[in-house]
Amino acid sequence: FAGLGKEVYPLLKFSYDSLQNDTIRSCFLYCCLYSEDYGILKWDLIDCWIGEGFLGESDRFGAENQGYDILDTLVRACLLEEVEDDKVKMHDVIRDMALWITCEIEKEKRNFLVCAGAGLKEAPDVKRWENVRRLSLMQNQIETLSEVPKCPHLLTLFLDFNQELKIADGFFQFMPSLKVLKMSYCGQSWSSFQLPVGMSELGSSLQLFDISLTLIKELPEELKKLVNLKCLNLRWAYRLNKIPRQLISNYSRLCVLRMFGTGWFNFHEAPEDSVLFGGGEVLVQELLGLKYLEVLELTLGSYHALQILLSSNRLKSCIRSLFLPLAGDATSIIDATAFADLNHLNELGIDRAEELEELKIDYAEIVRKRREPFVFRSLHLVAIYECHKLKDLTFLVFAPSLKSLSLYGCNAMEEIISVGKFDETPEVMGHISPFGNLQTLDLSRLPILKSIYWKPLPFTHLKEMAVTHGCNQLRKLPLDSNSAKERKFVIRGREDWWNRLQWEDEATQIAFRSCFQPHSW
């Protein structure tokens, strides 16, 4: 619109100028590096802020809390919008104003170059990079970075979501100040993604390195020279099958290691010298030597590796996410009571644990020890895939903060919460009302599932329930007219399944009729 720069931006800038201090202003401007309308994960953004050195707290938890406080401040000031519980985004006009500040008003101090989501097939002329401090080329179609730029002042480089990207050897050799390097979802069009030779040149400066969601198969030995690395994100680098020994343990200053879903694709076909595999025991041993580690997301392929992890009080205090692809492991029972000591466990995934029959928990012991039943207070996301002998997930009644539950291919699961498991501890019954914070429930290929819960629930926060193919025995949902009074949510499924459902009464059926959205799968 005509006049934005002269009339509107100065008015909006009043909110920016009114922010409490320069730290909050720097954190706000950093958000314009992301593409227009991009949902920014809060923890990912805070990782970057910490990597840049914006947050001055000496310990990770203090810095994280400061980061979340800043996000709340920016949301209250209407400079960021909260998209979901875990995401924020910038309104288009606010983002344009932020770019105006960084590129015109405070160019000498900030000096951003932002080409995010611009549809580029070629990178901007590297001569323009020379004095840039923060550069974003994310969400483009750039195929090659062949020229070697000289960027003595560059602190942050975003290359995420360039699916064709190949990077020339030596590309990073003249970036002596680079602290944050994000390459998530790069090279997805190739059979594998390779890092360029010369990454070791970033050894003295790099704080955060993100190659999550890439098809990388092997980490090169030269990454051992990234000795100042504090945050390494390998989330869902699912084809990764080799990490050199002592690579992780060499990162003596590492605070954050994100390896949820890492190596999933070929977890049990890795070479013997890989620390990822052999169940993950070697990797856990390396982690024990990292004295600054505070945030840990881990993929383990054996129950033995899990037991080693759970024997370390320090590592237990770090765990945020656990992914357990237990194919080939003969474990029939996992003692879920041990998870009660993982105070920060946010995310739990179990995949292809074909012999697993029970996630066991001693309900009476929990009540006796803790005097209150909720022990998995931080657990937000649970996904269970192809655990063909698993009968129920009754331990979830002790997870009051659960927001997302996905179940797929559990052939023996007849009920999600089993009333029979409370027969010996009736005192627990009065304390529990599961799924109070659940937002999404996704059920698929559960051929004998008959019950989600034995009585109706309010589902105060539920947004979507999807019951897709292979759940034909689920004839009744835990809903009544009181559930309908709380709020409406979407129910997706096959029309023939919907038509066979049994309801508490006609009023309930009428109340939820408008919630149903048919799907053919």
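Reader: Which residues does Glu347 touch, not counting residues up to four places away in sequence?

Author: Good place to begin! Contact means heavy atoms within 4.5 Å. By that rule Glu347 touches Arg235, Phe260, Arg320, Ser321, Leu322, Leu379 and Leu381. Before we go on, a word on the source: this is a predicted model, in which local features need pLDDT of at least 70, side-chain atom pairs count only at pLDDT 80 or more, and totals for chains, interfaces and linings use all residues. Residues are numbered from 1 along each chain as its sequence is written, and side-chain values use heavy atoms, with hydrogens and water left out.

Reader: Where is Glu347 found, and why does Glu347 count as buried?

Author: Helices (H or I, at least four residues) and strands (E, at least two) are DSSP runs, numbered from the N terminus. Glu347 sits in strand E16, residues 347-351. Buried means under 20% relative accessible area, exposed over 50%, and partly exposed in between, using a 1.4 Å probe and protein chains only. Glu347 counts as buried because its relative accessibility is 10%.

Reader: With which side chains does the side chain of Glu347 make a polar contact?

Author: A polar contact is a pair of N or O atoms within 3.5 Å; within protein, one must be able to donate a hydrogen and the other to accept it, and residues adjacent in sequence count only if both atoms are side-chain atoms. The side chain of Glu347 makes one with the side chain of Arg235 at 3.1 Å, and another with that of Ser321 at 2.8 Å. Look also at Ser378: it is 31 residues from Glu347 along the chain, with 8.6 Å between their C-alpha atoms.

Reader: How do I read a pocket, and which residues are the closest to the centre of the largest pocket?

Author: On a 1 Å grid over the protein atoms alone, a cavity is a set of points where a 1.4 Å probe fits but cannot get out, and a pocket is an open set with protein on both sides within 12 Å along at least five of seven lines; lining residues have an atom within 4 Å of a point. Grid points are joined across faces, edges and corners, and a volume is the space filled by probe spheres set on the points. Here, the largest pocket holds about 1,400 Å³ of space. It is lined by 41 residues, and Leu41, Trp43, Asp86, Asn346 and His380 are the closest to its centre. Strand E1 (40-41), helix H3 (42-52), helix H4 (60-76) and strand E14 (319-325) each give two or more residues to this lining.

Reader: Why does the largest pocket lie between domain 1 and domain 2?

Author: Domain bounds come from an automatic or database domain assignment. Domain 1 (4-105) and domain 2 (111-216) both give residues to the lining of the largest pocket, so the pocket lies between them. The centres of the two domains, taken over C-alpha atoms, are 22 Å apart. Their contact takes 17 residues from domain 1 and 20 residues from domain 2.

Reader: What is the volume of the second largest pocket?

Author: About 360 Å³. Of its 20 lining residues, Ile50, Glu57, Ser58, Lys230 and Cys255 are the closest to the centre. Helices H3 and H4 each give two or more residues to this lining, and the largest share, 4 residues, comes from H3.

Reader: How many residues of H3 are buried?

Author: 9 of its 11 residues are buried, so H3 is mostly covered. Among them are Lys42, Asp44 and Trp49. Just after H3, Gly53 takes a positive phi of about 90°.

Reader: And why is helix H2 largely enclosed by the rest of the structure?

Author: Because 7 of the 9 residues of H2 (residues 22-30) are buried. Phe28 and Tyr30 are among the buried ones. At the start of H2, a side-chain oxygen of Asn21 comes to within 3.1 Å of the backbone nitrogen of Thr23.

Reader: Which residues line the largest cavity?

Author: Cys31, Tyr34, Ser35, Glu36, Asp37, Tyr38, Ile40, Met90 and Arg95 line it, and its volume is about 40 Å³. Take Ser35, in the loop between H2 and E1. Ser35 counts as buried because its relative accessibility is 6%. The side chain of Ser35 makes a polar contact with the side chain of Gln139 at 2.8 Å.
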